[in-house]
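I opened my notebook to keep track of what I looked up today. Come along and check each entry against the picture.

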Amino acid sequence: MAVKSIVLFPDPVLRTRATVDVDPLDPTTQELIQDLIDTAKKHGAWGLSAQQLGQVARVAVVAKLWTDPRRARPVAPDWSPGAHPIVLCNPRLLGWVGGDTKREACMSLPGRAVDIWRPRKVTVAWVDEKGANRQGIFSGWQGRALQHEFDHLNGILIIDQSSKINRMTGERAA
Ligand SMILES: [Zn+2]
């Protein structure tokens, strides 16, 4: 249970897909979950994945996002215990609807922001920190943060999403 340093690009662990499911109740996983929450809270991140703490495991956390209705962006992620951050162990994407493009940043790529198209609404199944099977529908910035962390577990970074879109539209990156 500690604030850890966040692994930065181009560390190869960020490119490593986690393929084996974790046991959420294993003490090692419990420690990783707490480290993710502590570190994300300290840095004001929307979410954080195991790879960003140098571990290859299918574990990520996503904050509850406080959204100011007058603004398009969330004001701040809330990591207080009462806000019940989402602890995603072994998440699976079951479906998605629509899509839009918004600018995203990543704690592992400081100073970079990339416009990324993502589904607007996703249905996800996962196991929580108590070992319970969960399912939910996420949209808005929380849905986007969740997809961003999901990508991390598969070794995908925001710069890849950008190049993928550029390839699809035939544009060249500047
Ligand atoms: Zn990231």
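**Ground rules.** I am working with a predicted model, where local features need pLDDT of at least 70, side-chain atom pairs count only at pLDDT 80 or more, and totals for chains, interfaces and linings use all residues. Residues are numbered from 1 along each chain as its sequence is written.

**Helix α1.** I noted that helices (H or I, at least four residues) and strands (E, at least two) are DSSP runs, numbered from the N terminus. I found that α1 has 17 residues and reaches 24 Å from its first C-alpha to its last, close to the 24 Å expected at 1.5 Å a residue; the expected span is 1.5 Å times one less than the number of residues. Just after α1, I saw Gly44 take a positive phi of about 65 degrees.

I then asked which residues of α1 are buried. A residue is buried if 20 or more other C-beta atoms lie within 10 Å of its own, exposed if 12 or fewer, and partly exposed in between, with C-beta atoms placed from the backbone. My list for α1 includes Thr29, Leu32, Leu36 and Ala40. Their cover includes β1, β2 and β5; I count a contact when two such C-beta atoms lie within 7 Å.

**The sheet.** I traced five strands in an open, antiparallel sheet, in the order β1-β2-β5-β8-β9. Two strands pair if DSSP finds at least two bridges between them. β1 (47–49) and β9 (133–139) are at the edges with a single partner strand each, so one side of each has no neighbour in the sheet. I also looked at β1 and β2 (residues 59–62), which pair over three bridges, with Gly47 opposite Val62 in β2.

**The cores.** A nonpolar core is a set of buried Ala, Val, Leu, Ile, Met, Phe, Trp, Tyr and Cys residues joined through C-beta atoms within 7 Å. The largest one here has 31 residues, and Leu36, Val59 and Leu88 are among those touching the most other members. I saw that α1, β2, β5, β8 (121–127) and α2 (140–153) each supply at least two residues of this core. Apart from it lies another core of five residues, including Leu14 and Ile116.

**Val22.** Is Val22 buried or partly exposed? Val22 counts as partly exposed because it has 19 C-beta neighbours inside 10 Å. I placed Val22 in the segment before α1 (27–43). Its C-alpha is separated by 6.6 Å from that of Asn90, 68 residues apart along the chain.
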